[in-house]
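I opened this model to look up a few local details and note them down. My entries follow the structure.

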Amino acid sequence: MHISEGVLSTPVLAAGWALAVGGTWLGIKRLDHERIMTVAMLSAAFFVASLIHFPVGPTSVHLVLNGLLGIILGWAAFPAIMVGLLLQAVFFQFGGLTTLGINTFNMAAPAVLCYLVFHRLIVKGGGVRPVAAFFAGALPIALSAVLVSLCLVFTDEGFLAAAGTLLLAHLPVMGIEGVVTVFIISFLAKVQPEILNLQRVAGA
């Protein structure tokens, strides 16, 4: 899911930086200072999960957890993901500094979108919670893969085949992340519901 240096055109890189800076600014502005530790822990989880790669055909995939970050952090997923990607670029050369903006947007924007769509369904609880949690974990992977594919195609139509391979390779990741998100959301709802803002939203 990381786009490396030297792949994308300058207009795509510039648009990515503009969108990522805007999203990160909004995430920091809306961040409750009491949740800074939660943001740091989830940024660390994102950093570690993205380092574990699994071979799928001619390419490899990895867990992203952007849906989980979105459900828990909302707009704060932008700064959390940007910090994780920055550390991966600096220490392991995953992605890159020039592509940090577009990589952040590709992973954080779907996370925030799924927060806006699914968080209230998760708050309702009952049978709808695991269903909403599954789609909140799975759909951001699909949306991120689509955004990465669009970046490649907008840069050069010769990347069209690579974009198709990327989408297919992430189908199993969607299922895995959906199941992982269901288990984590169910666990947090029982032992630490305040992390999910259940009481706050329910009482709003």
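**Entry: leucine 65.** I started with burial. The model is predicted, and in it leucine 65 is buried, with a relative accessible area of 12%. I found leucine 65 in the loop between strand 2 and helix 3. I then checked the backbone. Leucine 65 has a positive phi of about 65°, although it is not a glycine. Most residues other than glycine have a negative phi, hence my note.

**Entry: glutamine 93.** I looked up another positive phi. Glutamine 93 has one of about 60° and is not a glycine either. Glutamine 93 follows helix 4 and sits in the loop between helix 4 and helix 5. Is glutamine 93 buried or exposed? Glutamine 93 is exposed, because its relative accessible area of 57% is over the 50% cut-off.

**Entry: histidine 62.** I went to strand 2, which covers residues 59-62 and includes histidine 62. Histidine 62 has a relative accessible area of 2% and is buried. What does histidine 62 touch, not counting residues up to four places away in sequence? I listed Met1, His2, Ala49, Ser50, Ile52, His53, Val173 and Glu177.

**Entry: helix 4.** I took the length next. Helix 4 has 16 residues. From its first C-alpha to its last it reaches 22 Å, close to the 22 Å expected at 1.5 Å a residue. I then listed the buried residues of helix 4: Ala77, Phe78, Pro79, Ala80, Ile81, Met82, Gly84, Leu85, Gln88 and Ala89. Helix 1, helix 2, helix 3 and helix 5 are among the elements that cover them.

**Entry: helix 3 against helix 4.** I looked at how this pair packs. The angle is about 140°, and the axes are 9 Å apart. Helix 3 and helix 4 are therefore oblique to each other, because only angles over 145 degrees count as roughly antiparallel. Which residues meet here? From helix 3 I noted Asn66, Leu69, Gly70 and Leu73. From helix 4 I noted Ala77, Ala80 and Ile81.

**Entry: isoleucine 81 and the core.** Leaving aside neighbours within four places in sequence, isoleucine 81 is in contact with Phe46, Asn66, Leu69, Thr104, Met107 and Ala108. Ile81 is also one of the residues with the most contacts inside the largest nonpolar core, with Leu8, Leu69, Ile72 and Leu73. That core has 55 residues. Helices 1 to 8 each supply at least two residues of this core. Which helix gives the largest share? Helix 5 does, with 11 residues.

**Entry: UniProt spans.** I checked the record. The unreviewed UniProt entry lists "transmembrane region" for residues 36-56, 68-91, 97-118, 130-155 and 167-189. I looked at two of these in the model. Residues 97-118 are 86% helix and 0% strand, with end C-alpha atoms 32 Å apart. Residues 167-189 are 96% helix and 0% strand, and their end C-alpha atoms lie 32 Å apart.

**Entry: asparagine 197.** I finished in the loop between helix 8 and helix 9 (198-202), where asparagine 197 lies. Asparagine 197 is buried because its relative accessible area of 15% is under the 20% cut-off. Beyond neighbours within four places in sequence, asparagine 197 is in contact with Arg35 and His119. I also took a distance to tryptophan 17. Asparagine 197 and tryptophan 17 are 180 residues apart in sequence and 30 Å apart in space, C-alpha to C-alpha.

Technical notes:
Residues are numbered from 1 along each chain as its sequence is written. This is a predicted model: local features need pLDDT of at least 70, side-chain atom pairs count only at pLDDT 80 or more; totals for chains, interfaces and linings use all residues. Side-chain values use heavy atoms; hydrogens and water are left out. A nonpolar core is a set of buried Ala, Val, Leu, Ile, Met, Phe, Trp, Tyr and Cys residues joined through side-chain atoms within 4.5 Å. Buried means under 20% relative accessible area, exposed over 50%, partly exposed in between (1.4 Å probe, protein chains only). Helices (H or I, at least four residues) and strands (E, at least two) are DSSP runs, numbered from the N terminus. Contact means heavy atoms within 4.5 Å. The expected span of a helix is 1.5 Å times one less than its number of residues. UniProt positions are given in the numbering used here, feature names are shortened, and annotations may be inferred rather than shown by experiment. Axes are lines fitted to C-alpha atoms, for helices over the stretch in contact, and angles run from 0 to 180 degrees between N-to-C directions. Angles under 35 degrees count as roughly parallel, over 145 as roughly antiparallel, 65 to 115 as roughly perpendicular and the rest as oblique.
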